[in-house]
Amino acid sequence: MGGHRLASLLDAVAAGRFPDPDGTVAVWPPLSVRDCGVFAFTAHSVICTDADPAWVRGQLPARDLGAPMLPPFLAALAARTGRRVNAIDLSCVAGPLDGPPPVRLTRLPAGDAHPRVARALRYRDDVMAWQAPGGVVLLGRGVAGRWEAAVEVDPGHRDGGLGRELARAARHLVPGGTPVWAQISPGNAASVRAFLAAGFRPAGAEALLVPAG
């Protein structure tokens, strides 16, 4: 199934083994509704969708390596499948770290009303959240069951390194000694800098297609 292949691919990428930059566009059926989307690496893309693969390939101009991530194709795929494009994100990954996090954290109860927690619950399973003075860090299972991190820093606590510490904390908190991923809007330069400073490595780009509404 496509979800199993996607999980294996992401595990390989997390370990530093990227797909061959051969210009390939793979079309796989998703194992889960959370796997639907386009996953782009260097000269290699994977499209997870229940749309007809022949139709998908017919929408992509030949020899255009960037076509799977361009708005015309994403809009057509969303319309075809009755979904919407959530965002085009930079995907980053980092390995786990031993020991306590670099910032004092308090575990938030399940279903806490924090807006970042509420958003995470729409897109991830097994969501866990911790609060620090001025910010919050979350972990949850998202695409292909991988662990994904997100952080939020309150306006009055920005530009002091808290985002970096929260992003690094995710590497200490991830269960089972597994890699942790982050999806970041490229325009959110502060978040990109924070995750890179916390040791996350750019892996590719993602555009997830989520249920409309």
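**Architecture of the predicted model**

The protein contains 6 helices and 10 strands, where helices (H or I, at least four residues) and strands (E, at least two) are DSSP runs numbered from the N terminus. Its radius of gyration is 17 Å, close to the 17 Å that the globule rule gives for 213 residues, so the protein is as compact as a globular protein of that length. The radius is taken over C-alpha atoms, and the globule rule is 2.2 Å times the number of residues to the power 0.38. Along the principal axes, the C-alpha atoms fill a box of roughly 50 × 35 × 30 Å. The model is predicted: local features need pLDDT of at least 70, side-chain atom pairs count only at pLDDT 80 or more, and totals for chains, interfaces and linings use all residues. Residues are numbered from 1 along each chain as its sequence is written, and side-chain values use heavy atoms, with hydrogens and water left out.

The 10 strands form an open sheet of mixed pairing in the order 1-3-2-10-4-9-8-7-6-5; two strands pair if DSSP finds at least two bridges between them. Strand 1 (24-28) and strand 5 (106-107) are the edge strands, each pairing on one side only. Strand 10 (residues 201-211) pairs in the antiparallel sense with strand 2 (residues 37-41) over 4 bridges, and Phe39 stands opposite Glu206 in strand 10. Strand 10 also pairs with strand 4 (residues 83-94), again antiparallel, over 9 bridges. Strand 4 is in turn joined by 5 bridges to strand 9 (residues 180-184), the two running antiparallel. Leu90 stands opposite Ala205 in strand 10 and opposite Ile184 in strand 9.

Helix 5 (residues 162-173) lies across strands 4, 6, 7, 8 and 9, running at about 35° to strand 7. Axes are lines fitted to C-alpha atoms, for helices over the stretch in contact, and angles run from 0 to 180 degrees between N-to-C directions. Helix 5 also packs with helix 6 (residues 189-197) at an angle of about 50°, with their axes 8 Å apart. That angle makes helix 5 oblique to helix 6; angles under 35 degrees count as roughly parallel, over 145 as roughly antiparallel, 65 to 115 as roughly perpendicular and the rest as oblique. The contact (heavy atoms within 4.5 Å) is made by Gly163, Arg164 and Ala167 of helix 5 and by Ala194, Phe195 and Ala197 of helix 6.
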